[in-house]
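Here is a briefing on one protein model. It begins with terms and then goes through the structure topic by topic.

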Amino acid sequence: MPEVEANARCVSVDGDADRVVYFFTDENNCFHLLDGDRIATLVADYLMGLVRVCNINLRMGLVQTAYANGASTDYIEHQLRVPVACVPTGVKHLHHKATEFDIGVYFEANGHGTVIFSKNAKQLSLIILVLSVELLNEEQRNAAKTFLQIIDLINETVGDAISDMLLVETVLLAKGWNLRDWVNTYTDLPNLQLKVSVADRNVITTTDAERICVTPEGLQEEINALVAKYPRARAFVRPSGTEDVVRVYAEAENKEDTAVLAHEVASAVHRLAGGVGNPPEIPRQFVNSHY
């Protein structure tokens, strides 16, 4: 395989071109992935900027699942100041929630997503453009035209990675950004996913967009206690939809805490939810630093 030039912009789509991610390798040979969370924040920031310049009263929201990196959620809420909604895993849930906003942005971490515009958003933008000659300054007129062009560019039917790629390229060009500028907007929290085999996955039930475990009794309380031990930590469990396993997600401030937390939660699942086989063990390299 030929060596990739340092900091070269790379993009990849999957086999049926419904998911897209960007990536690059820096001069220190460190790999950087810009996933669906990154695409969502980039697009939301750009669209919000256009709306503010045009001075259009539109309600914008960004929809995520519990698997979205916590750093991206913090960035959206506290830096971009865009409302965030969390829904259960699955594009159908994301898409449905996005329709509640005038501008609904949603991307799964795997790069599957799009932007939805309400009829109100499209009508207001057209009205603004018609009146722009007399009522708006040049910056506002240009923003109004760009906003309409962005609506035309985006395929609101989810699953068009080429359209999503063109949208990202448009935003990067408009901002004058390269991938390093983009990745520097925030730092992802280390995260880890594990799975635990159980006799019956139906013993696990959840609420609050799969972030809170309702049954078995006592499991959520134990997860809460484990999460409280580590800075910036978060963890949740959910049953697989196809097999008798429970999926565990954990994130924390550093890789060591993340790994230990994930295995502690997995061990609690194994013990309280009818685990099958040997219980998960914390990797040896992390044991001494935490116990």
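Buried means under 20% relative accessible area, exposed means over 50%, and partly exposed lies in between (1.4 Å probe, protein chains only). This is a predicted model: local features need pLDDT of at least 70, side-chain atom pairs count only at pLDDT 80 or more, and totals for chains, interfaces and linings use all residues. Residues are numbered from 1 along each chain as its sequence is written, and side-chain values use heavy atoms, with hydrogens and water left out.

**Overall build**

- The protein has 291 residues, and 46% of them count as buried.
- Its secondary structure comes to 10 helices and 12 strands. Helices (H or I, at least four residues) and strands (E, at least two) are DSSP runs, numbered from the N terminus.
- The C-alpha trace spans about 70 × 45 × 35 Å along its principal axes.

**Annotated domain**

- UniProt, in an unreviewed entry, lists residues 219-267 as "domain: Alpha-D-phosphohexomutase C-terminal". UniProt positions are given in the numbering used here, feature names are shortened, and annotations may be inferred rather than shown by experiment.
- Residues 219-267 are 45% helix and 27% strand. The end C-alpha atoms of this stretch are 11 Å apart.

**Salt bridges**

- The structure holds 16 salt bridges. Each is a side-chain nitrogen of Lys or Arg within 4 Å of a carboxyl oxygen of Asp or Glu.
- Arg232 pairs with Asp74, with the closest N and O atoms 3.8 Å apart. This pair links distant parts of the chain, 158 residues apart. Arg232 sits in the loop between α8 (219-227) and β11 (234-239), and Asp74 in helix α2 (residues 70-80).
- Arg232 counts as partly exposed because its relative accessibility is 45%. Asp74 is partly exposed too, at 32%.
- Arg19 and Asp14 meet through their side chains at 3.9 Å, N to O. Arg19 is partly exposed at 33% relative accessibility, and Asp14 is partly exposed at 28%.
- Glu100 bridges to Lys97, with the closest N and O atoms 3.0 Å apart. Glu100 has a relative accessible area of 44%, so it is partly exposed. Lys97 has 25%, so it is partly exposed as well.
- Salt bridges that share partners join Asp14, Asp18 and Arg19 into one network.

**Surface patch**

- Val13, Ile162 and Leu166 make a nonpolar surface patch of about 230 Å². Patches are made of residues with over 30% relative accessible area and no salt bridge; like charges are joined within 9 Å, and nonpolar side chains (Val, Leu, Ile, Met, Phe, Trp, Tyr) within 5 Å. Accessible areas come from the Shrake-Rupley method with a 1.4 Å probe, and for residues only the protein chains shown count as cover.
- Val13 lies in strand β1 (residues 10-13). Its relative accessible area is 35%, so Val13 is partly exposed.

- Leu179 belongs to helix α7 (residues 179-183). Leu179 counts as buried because its relative accessibility is 3%.
- Leu179 and His32 are 147 residues apart along the chain, yet their C-alpha atoms are separated by 9.1 Å.

**Cavity**

- The structure holds 1 cavity of 30 Å³ or more. On a 1 Å grid over the protein atoms alone, a cavity is a set of points where a 1.4 Å probe fits but cannot get out; lining residues have an atom within 4 Å of a point.
- The largest cavity has a volume of about 30 Å³. Grid points are joined across faces, edges and corners, and a volume is the space filled by probe spheres set on the points.
- Its lining consists of Thr41, Leu42, Asp45, Tyr75, Trp177, Trp182 and Thr185. Helix α1 (residues 36-54) gives the largest share, 3 residues.

Terms used
On a 1 Å grid over the protein atoms alone, a cavity is a set of points where a 1.4 Å probe fits but cannot get out, and a pocket is an open set with protein on both sides within 12 Å along at least five of seven lines; lining residues have an atom within 4 Å of a point.
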